[in-house]
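Let's take a walk through a protein structure together, one piece at a time.

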Amino acid sequence: MQISGMDSNFFLQSRRVPVMKKSEINRIIEREDERLAPSTPNSLRMSRRTLLTSVAALAAATTIAPWAIGVLSAFAQGTGPEATTEIPASDSDTDATTLTLEAYADTLIPGEKRFPDDVAIAGVVTGPGAVQGGAIDMLNFAPLGLAPALPLLALNISVAAVVYALLNGITLDRTLPPFVSLNFAQRTGLLVQALDPSNKNQAAFSGLAALCFVAYNTAGYLDTVVAIEQGHPGLAAIGFPPPNPDGKWRFPDFSYQRALAKPHPHSKNGNPA
Amino acid sequence: MANETTDVLIIGTGFGGSIPGYYLAAAGAKVIMLERGPRFSTEDFTQSLRIGTFNRFIDSIQCKGIDVTAGNCVGGSSVTYYAASLRAPSFIFERRGTLGRRIWPKSITRQKLNHWYSRVEAAIPVAELSWNDVPYAGGVFAAACNRAGHTCQPVPLAVDLTKCTNCNWMHTGCIFDAKRSMLFNYIPAAESFGAEIRPLHEVQKIQPAQTAGYRYAISYLEIDPSDYTKSLGSGTIEAKIVIVAAGTMGTPVILQRSAVALGGMPPAVGRYMSANGDRVSFAAFNEDKVSSLLGLQRAPDVAYDAFPIGKPINTMTFDYLDPKAPEFSRFALQQLYSPPIVNALPGVDESPFWFGIDKRNLLTQWRSWMAIVEMTEDANEGVFGPPPKTGSFTRLGPGVASGQLEYSIAPQTQYGFNLADAAAESILTLDGLATFHTVASTKNIQCAHPLASCRIGDNPETSALDDCHELRGHPGIFVTDGASVPTSLCVNPSLTIAALAERASSLLLKRANQYGIAVKHGGAIPVPS
């Protein structure tokens with residue numbers, strides 16, 4: 001996985017999304033603001049100002065070399081970047097980052113809501129999904145060195161969600177981070193575009209996706225024997241077998257123990273002619 | 001301070017480095033082997049999928065159009081491979097490729113290579129599986145082939161069957177000493193004759209030597225064992241002979257970086273890379289059909305449900321290896337275990353194709369899955385770009401790197417993929433036995449068998465090495481690893497890499513005297529430890 005070619009206009013340059021000028025986007029935003037005039041005191045509300053700030057931040061982050069290099073370095077080296085590259089985060093920022101990443105993970109491998117008001121998980125299935133499978137633990141797993149970059153990656157998703165909403169006439173719930181306020185079908189539609197190889201910014205999205213799959217399918221932030229002991233939901237869901245009592249895997253019963261096909265007539269000692 | 005000197009400097013300790021390392025040391029040469037990765041032994045291996053364990057010695061190298069898996073430790077990919085040890089079909093050595101002329105040197109045919117295959121099979125040693133040794137997954141594949149009217153047979157493996165526990169953790173090393181990597185045969189044999197192995201020494205460049213009597217100076221960085229992106233020092237060793245065996249993904253990069261200092265490189269260095277025609281697909285079996293159609297039952301009311309049980313490779317069919325069939329239409333189908341770290345790969349029928357609700361449902365059937373590797377004839381379309389500043393690629397994180405290779409699938413390769421997909425699907429889905437799933441999460445080829453990035457041949461334009469594995473225009477530099485294998489093989493390549501290294505070692509011993517190294521000939525086959 002790699003974070004490269006971070007282009008703030010990735011969504012505009014995608015072959016699947018018509019290119020829009022900034023002035024056009026601003027006009028749409030203004031219309032949207034007027035239409036959604038009743039505001040909410042919630043700190044997570046997405047106003048035009050917040051949107052523009054976000055877009056500006058993303059543009060800055062991806063076009064100003066030192067910042068981008070700092071994030072790339074953090075991801076690349078397996079160690080955290082210098083403190084100067086971290087974004088000071090408020091609790092609401094942290095919540096928004098986590099909620100956004102959880103919603104992203106849930107779109108990849110859906111699960112059931114953890115509690116009635118769970119907004120990150122769409123709740124389209126019963127049983128665990130990538131969120132219960134430890135996606136956030138995986139993304140924060142220290143050896144990856146990815147934690148400092150998570151706010152940017154979440155912001156990347158948020159910006160894509162806002163533009164997706166604008167282009168598809170979707171009204172966002174201003175009390176939630178943009179991607180979280182999309183329904184499951186809309187989240188899926190966005191990810192189909194974002195994860196398409198034609199998207200210049202695909203690498204950042206697919207890197208996140210890969211780690212969500214690794215979390216659910218392998219509990220990659222835990223030793224497997226520990227994950228099994230803890231009843232890791234993903235390993236349980238795929239049916240990963242438990243080890244022997246000594247913590248090692250062995251399968252004394254492994255074979256049907258009978259010939260099940262004829263060998264190729266020209267083969268010899270198991271080799272082709 | 002004078003540089004350190006040696007008779008023979010070997011870059012890499014996989015199949016291609018260990019084998020000549022043994023024969024040259026046994027013949028009396030002073031041999032130093034530099035390995036960029038760490039040295040692990042049995043107690044260092046784990047049965048764990050935690051990031052930071054297995055990826056200390058396995059790299060996933062993400063490139064344009066292709067993702068390559070390669071070993072990074074003493075023993076190279078032999079430590080991480082699935083131990084399938086097969087001789088390549090005879091027609092492979094007669095391939096003509098897209099250029100329409102023979103690719104392999106005329107001096108090498110299957111018949112001539114059989115002698116060297118036999119030596120490797122004895123040294124490793126390779127075991128023939130009986131049906132009693134074939135795990136459930138291999139049995140299901142064989143029964144499916146049989147029911148579809150095809151032959152299928154157990155695959156010879158570099159495994160000590162008396163020690164194997166069928167745990168299916170071969171990809172993280174082997175904690176039971178059952179997998180016969182180079183750590184159990186050629187490497188200890190080489191060390192018993194004085195060969196010195198230096199792990200965490202990453203060779204960067206080869207230059208002309210300054211010391212009289214020595215041809216080349218090899219510069220290296222000492223790698224920090226806790227962070228492979230950092231170096232702890234550097235050094236240079238001068239040698240009379242250099243054997244480059246840094247692997248298909250490493251060898252051409254070192255040579256490219258050395259081009260200016262050495263006065264140029266043959267045009268085929270870093271070109272004509274083959275992915276061995278690798279194509280991975282998946283099947284999800286209907287357990288009831290496994291029982292009713294194949295008549296298999298492993299326990300009361302359990303037909304298969306055993307993907308994670310066994311050895312990773314067990315059975316394959318040779319039915320599509322017809323020597324009279326046109327080139328690019330021939331392939332082998334082999335049953336395979338894939339650890340769940342790659343569970344993102346298989347696709348589903350409906351959008352979004354590899355994630356979402358349908359994919360989640362497919363994951364719940366994981367124990368009824370099977371992976372299939374189709375090994376086809378590709379068109380050697382891989383090309384390496386300019387080398388990075390250091391190393392073979394740019395490390396992005398634990399076990400993940402970005403490489404310079406670009407692989408754009410040629411129509412001939414795609415044709416073979418399509419035929420192999422159709423064949424596998426027809427066998428596995430017959431009468432609803434299983435559903436068939438191609439890779440959908442990425443467009444990149446998934447390659448575990450990179451080859452041919454610095455290949456042998458008779459044509460100087462299309463082969464960087466002569467038929468003695470010597471680099472054209474650079475006497476005393478030899479390449480003996482997977483990079484030297486000229487084409488895809490339609491089988492797993494480790495035994496052919498090793499057999500070519502055995503053959504090259506014999507030729508090297510003859511050349512060594514010419515290059516000022518006093519050696520005696522005729523090293524015996526090493527006795528496995």
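Helices here are DSSP runs of type H or I with at least four residues, strands are runs of type E with at least two, and both are numbered from the N terminus. What you see is a predicted model, in which local features need pLDDT of at least 70, side-chain atom pairs count only at pLDDT 80 or more, and totals for chains, interfaces and linings use all residues. Residues are numbered from 1 along each chain as its sequence is written, while chains are lettered from A and ligands numbered from 1 in the order in which they are written.

How far can you trust the picture? The predictor's confidence in each residue is called pLDDT and runs from 0 to 100; for chain B its mean is 96, and 99% of the residues reach 70 or more. The model scores ipTM 0.95 and pTM 0.89.

Back to the strands. S10(B) and strand S17 (residues 434-438) of chain B pair in the antiparallel sense over five bridges, where pairing calls for at least two DSSP bridges between two strands. S10(B) also has a partner in strand S13 (residues 369-376) of chain B: seven bridges join these two, again antiparallel. Along that pairing, Val280(B) stands opposite Val373(B), and Asp278(B) has Met375(B) as its bridge partner. In general, strands of a sheet pair through backbone hydrogen bonds, either parallel or antiparallel.

Now step back to see the sheet itself. Six strands of chain B form an open, antiparallel sheet in the order S5-S11-S12-S13-S10-S17. The edge strands are S5 and S17 of chain B, each of which pairs on one side only. Helix H3 of chain B lies across S10, S11, S12 and S13 of chain B, running at about 25 degrees to S11(B). Such angles run from 0 to 180 degrees between N-to-C directions, and axes are lines fitted to C-alpha atoms, for helices over the stretch in contact.

The axes of helix H1 (residues 15-26) and helix H9 (residues 494-514) of chain B come within 8 Å and cross at roughly 35 degrees. The residues that meet include Ile19(B) and Tyr23(B) in H1(B), and Ala501(B) and Leu508(B) in H9(B). Two residues are in contact if their C-beta atoms, placed from the backbone, lie within 7 Å.

Some loops of chain B deserve a visit too. Most residues other than glycine have a negative phi, and most peptide bonds are trans. Asn276(B), in the loop between helix H5 (251-262) and S10 of chain B, has a positive phi near 60 degrees. This Asn276(B) counts as buried, with 27 C-beta neighbours inside 10 Å. His469(B) has a phi near 70 degrees; it sits in the loop between strand S18 (445-447) and strand S19 (477-479) of chain B and is buried, with 31 other C-beta atoms within 10 Å. Two peptide bonds are cis: the one from Ile124(B) to Pro125(B), with omega near -15 degrees, and the one from Ser351(B) to Pro352(B), with omega near 15 degrees. Pro125(B) lies in the loop between H2 and H3 of chain B, and Pro352(B) in the loop between S12 and H7 of chain B.

Finally, turn to chain A. It has twelve helices and zero strands, and 45% of its 273 residues count as buried. Where the chains touch, the contact takes 66 residues from chain B and 57 residues from chain A. On the side of chain B, H3(B) gives the largest share, six residues.

Technical notes: A residue is buried if 20 or more other C-beta atoms lie within 10 Å of its own, exposed if 12 or fewer, and partly exposed in between; C-beta atoms are placed from the backbone.
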